Amino acid sequence: TKAPLTITADSSSKEYDGAALTDNGWQDTAPVGLKGTDAVDSVTVTGTITEVGTANNVPSAAVVKNGDTDVTANYEIEYVNGTLEITASSKALVISSSTKSWEYDGELHTDEVYTVTYDGTAVEADTTGKVFTLPTGDTVTITATAEGVKDYDSSYSENNTYTYVLTNAAQYSSVSATYGTLSITKAPLTITADSSSKEYDG
């Protein structure tokens, strides 16, 4: 009768980076059931995953040899799947708008300037200054919502607002948005009283 043999595919995991995770290995768990000097010569392992989650890593088509002789037919092979897992990226993704102040001039002022950093590294924007492509291939697209400032007001704070859309947002676990402050300072104004003179007339 055929001898039982168990072959297990390797398991592997990583954080999301936009690239597929594969692992065609099977040596992490030693095959169980080999006889004498027989050895597993090769195993086909297939499996792939790109986004957060798990997928089977599936072994098949093993070849067992004794020296140069194929003895695979002597085994009843049980294949055990490995697991491929991708977890959400924990790298900090920080989106920010600018802070700027103008001296009062009667005009409405806005400042649609934005920065994006990923894992502490600045991400370059496109020509609009509002679309940023991350190293993962995903994009952050910003839409300005700030009304702008015209008059002096000491209460201005974090008013350079915006909304953003992050593609594949579920793949990121550390995303933060901060808002800069637009403000108006008082303009200097000098008022001089008139001067006058006359001879004493009582």
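Is Asn160 buried or exposed? Asn160 is buried, because its relative accessible area is 1%, where buried means under 20% relative accessible area, exposed over 50% and partly exposed in between, with a 1.4 Å probe and protein chains only. The areas themselves come from the Shrake-Rupley method with a 1.4 Å probe, and for residues only the protein chains shown count as cover.

Some conventions apply throughout. This is a predicted model, in which local features need pLDDT of at least 70 and side-chain atom pairs count only at pLDDT 80 or more, while totals for chains, interfaces and linings use all residues. Residues are numbered from 1 along each chain as its sequence is written, and side-chain values use heavy atoms, with hydrogens and water left out.

Asn160 sits in the loop between strand E13 (139-144) and strand E14 (162-166); strands (E, at least two residues) and helices (H or I, at least four) are DSSP runs numbered from the N terminus. With neighbours within four places in sequence left aside, Asn160 is in contact with Ser97, Ser98, Asp111, Ala146, Tyr179, Gly180 and Leu182, contact meaning heavy atoms within 4.5 Å.

Gly180 counts as buried because its relative accessibility is 4%. Residues up to four places away in sequence not counted, Gly180 touches Ser97, Ser98, Thr99, Glu158, Asn159 and Asn160. In another direction, Gly180 and Lys198 are 18 residues apart in sequence, and their C-alpha atoms are 58 Å apart in space.

Most residues other than glycine have a negative phi, and most peptide bonds are trans. Asn168 also has a positive phi, of about 55°, although it is not a glycine. Asn168 lies in the loop between E14 and strand E15 (175-178), and it counts as partly exposed because its relative accessibility is 33%.

The next step is the chain as a whole. It has 16 strands and zero helices. The C-alpha atoms fill a box of roughly 140 × 25 × 20 Å along the principal axes. The radius of gyration of the chain is 34 Å, whereas a compact globule of 202 residues would have one near 17 Å; the radius is taken over C-alpha atoms, and the globule rule is 2.2 Å times the number of residues to the power 0.38. Of the 202 residues, 29% are buried. The accessible surface comes to about 12200 Å², and 47% of it belongs to carbon and sulfur atoms. Among contacts between residues at least 6 apart in sequence, 62% join residues at least 24 apart.

Asp68 and Asp41 give a pair at such a sequence distance: they are 27 residues apart in sequence and 9.8 Å apart in space, C-alpha to C-alpha. Asp68 is found in the loop between strand E4 (53-66) and strand E5 (69-70), and it counts as exposed because its relative accessibility is 77%.

The chain has 10 positive and 29 negative side chains, with the centres of the two sets 0 Å apart. Here Lys and Arg count as positive and Asp and Glu as negative, while His and the chain ends are not counted; the place of a charge is NZ of Lys, CZ of Arg, CG of Asp or CD of Glu.

Side chains of opposite charge can pair when their charged atoms come close. The whole structure holds three salt bridges, each a side-chain nitrogen of Lys or Arg within 4 Å of a carboxyl oxygen of Asp or Glu. In one, Lys130 pairs with Glu112, with the closest N and O atoms 2.6 Å apart. This pair links distant parts of the chain, 18 residues apart: Lys130 is in the loop between strand E11 (121-122) and strand E12 (131-133), and Glu112 in the loop between strand E9 (100-103) and strand E10 (114-118). Lys130 is partly exposed at 21% relative accessibility, and Glu112 is partly exposed at 42%.

Asp17 and Lys14 meet in another salt bridge, at 2.9 Å from N to O. Asp17 is partly exposed at 35% relative accessibility, as is Lys14 at 21%. Asp201 and Lys198 also form a salt bridge, with the closest N and O atoms 3.0 Å apart, and both residues are exposed.
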